[in-house]
Amino acid sequence: MATTRRIPGGPSEQPSTKRAPASGETPGRSGAAASPPVDRADAAGVEALRRQVIALQRISTMGVLAGGVFHELNNALTPILNYAKLGLRNPDPAYRERALTQIVEAAQRATTITRGMLGLSRPGNGLNHREPIDLARLAEEVVRLIKKDMARHRVRLDVKTTGRPYARVNPAQIQQVLLNLLINARQAMPEGGTVRLLLGLDATGRRAELSVVDTGVGIAPQNLRRIFEPFYSTKNGPDDAGQGGTGLGLSVCRDIVEAHHGRLRAQSRLGQGSTFTLILPACPPPDEAADQRGTG
């Protein structure tokens with residue numbers, strides 16, 4: 001039977017603020033231990049460190065993707081140059097039109113790649129920047145960024161989207177979470193295999209669910225309970241690309257998802273693979289939201 005680990009964070013499922021008394025503490029009349037006052041300077045320092053960790057992990061992810069991204073850009077630029085040269089040499093208007101069509105299509109592919117990398121490197125107007133995002137399009141951009149890395153490790157990506165759910169998110173941060181989950185899935189299959197990326201709405205239609213499913217080594221139940229703890233890792237160290245092994249990847253992912261009022265759920269069977277599901281509150285597309293405000 002699969003073991004499930006759910007991380008609460010949405011408005012309908014807030015984490016409890018109660019805790020058991022620690023050794024040496026005396027419970028008050030209410031039965032809860034008195035909490036020490038939080039120093040504002042300490043809280044600000046912790047928040048600054050958290051932001052630095054998120055930024056460093058994003059840079060690390062970009063380093064893993066760089067080789068594949070440059071290869072994809074070269075693949076897009078080569079036909080642009082070739083068709084431009086052929087179009088200049090051939091006076092036939094019909095041939096030139098076909099050449100220009102090929103140039104436009106290749107340029108659009110290059111634009112998609114660069115937009116994805118720019119989004120990952122520049123997380124909007126700060127960490128709190130949110131906007132309604134087409135999650136299907138975001139997933140497509142992530143797949144385009146990572147597919148070369150997956151192919152190099154003999155892993156095939158199978159993408160299935162149902163509809164086009166929207167969510168109000170910081171796109172670069174959700175892109176970062178998805179990339180981290182996909183890299184983890186690839187690392188869980190050292191001999192290669194297939195990773196499924198599933199996107200759709202839940203039964204209520206109020207939450208978008210984005211799942212990464214692998215058929216890798218799986219996670220033991222005693223480890224699954226701790227995988228979101230900072231600095232806890234089931235890996236022996238970074239892989240050949242220098243990714244993973246610090247125990248911060250999933251912890252950072254959890255923090256990002258909870259900041260978006262979402263949840264990150266993990267299910268795994270040892271030896272049979274794992275499923276990580278990113279759950280976010282859905283929102284209407286921008287045009288639909290504007291229409292609703294106009295008729296309200």
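Predicted model: local features only at pLDDT ≥ 70, side-chain atom pairs only at ≥ 80, totals over all residues.
The protein chain is built with 7 helices and 8 strands, and 39% of its 296 residues count as buried. Among contacts between residues at least 6 apart in sequence, 75% join residues that are at least 24 apart. The accessible surface of the chain comes to about 16,700 Å², and carbon and sulfur atoms account for 54% of that area.

**Helix H4**

- Helix H4 runs over residues 171-187, and its 17 residues reach 24 Å from the first C-alpha to the last, which is close to the 24 Å expected at 1.5 Å a residue.
- This helix is mostly covered, with 16 of the 17 residues of H4 counted as buried.
- At the start of H4, a side-chain oxygen of Asn170 comes to within 3.2 Å of the backbone nitrogen of Ala172.

**Ala99 in helix H2**

- Ala99 belongs to helix H2, which covers residues 93-121, and Ala99 counts as buried because its relative accessible area is 4%, below the 20% cut-off for that class.
- When residues up to four places away in sequence are left out, Ala99 touches Tyr83 and Gly87.
- Ala99 and Leu86 are separated by 13 residues in sequence, and their C-alpha atoms lie 7.5 Å apart in space.

**Thr275 in strand E8**

- Thr275 is found in strand E8, which spans residues 273-283, and its relative accessibility of 19% places Thr275 among the buried residues, since buried means under 20%.
- Leaving aside residues up to four places away in sequence, Thr275 touches Ser211, Val212 and Val213, and also Arg265, Ala266 and Gln267.

**Salt bridges**

- Side chains of opposite charge can pair when their charged atoms come close, and in this model the count comes to 6 salt bridges.
- One of these pairs is formed by the side chains of Arg164 and Asp134, which meet at 2.8 Å from N to O.
- Asp149 and Arg152 both lie in helix H3 (residues 135-152), and because they are 3 residues apart, about one helical turn separates them.
- Within this pair, Asp149 counts as buried at 2% relative accessibility, while Arg152 counts as partly exposed at 48%.
- The side chains of Arg254 and Asp255 also meet in a salt bridge, at 3.3 Å from N to O, and Asp255 is partly exposed, with a relative accessible area of 23%.
- Elsewhere, salt bridges that share partners bring Asp134, Glu140 and Arg164 together into one network.

Conventions. Residues numbered from 1 in each chain as written. Heavy atoms only, no water. Helix = DSSP H or I, 4+ residues; strand = E, 2+ residues; numbered from the N terminus. Buried < 20%, exposed > 50% of the residue type's maximum accessible area, 1.4 Å probe, protein only. Contact = heavy atoms within 4.5 Å. Expected span 1.5 Å × (residues − 1). Polar contact = N/O pair within 3.5 Å; in protein donor to acceptor, adjacent residues only side chain to side chain. Salt bridge = Lys/Arg side-chain N within 4 Å of Asp/Glu carboxyl O. Areas by Shrake-Rupley, 256 points an atom, 1.4 Å probe, with all protein chains shown as cover.
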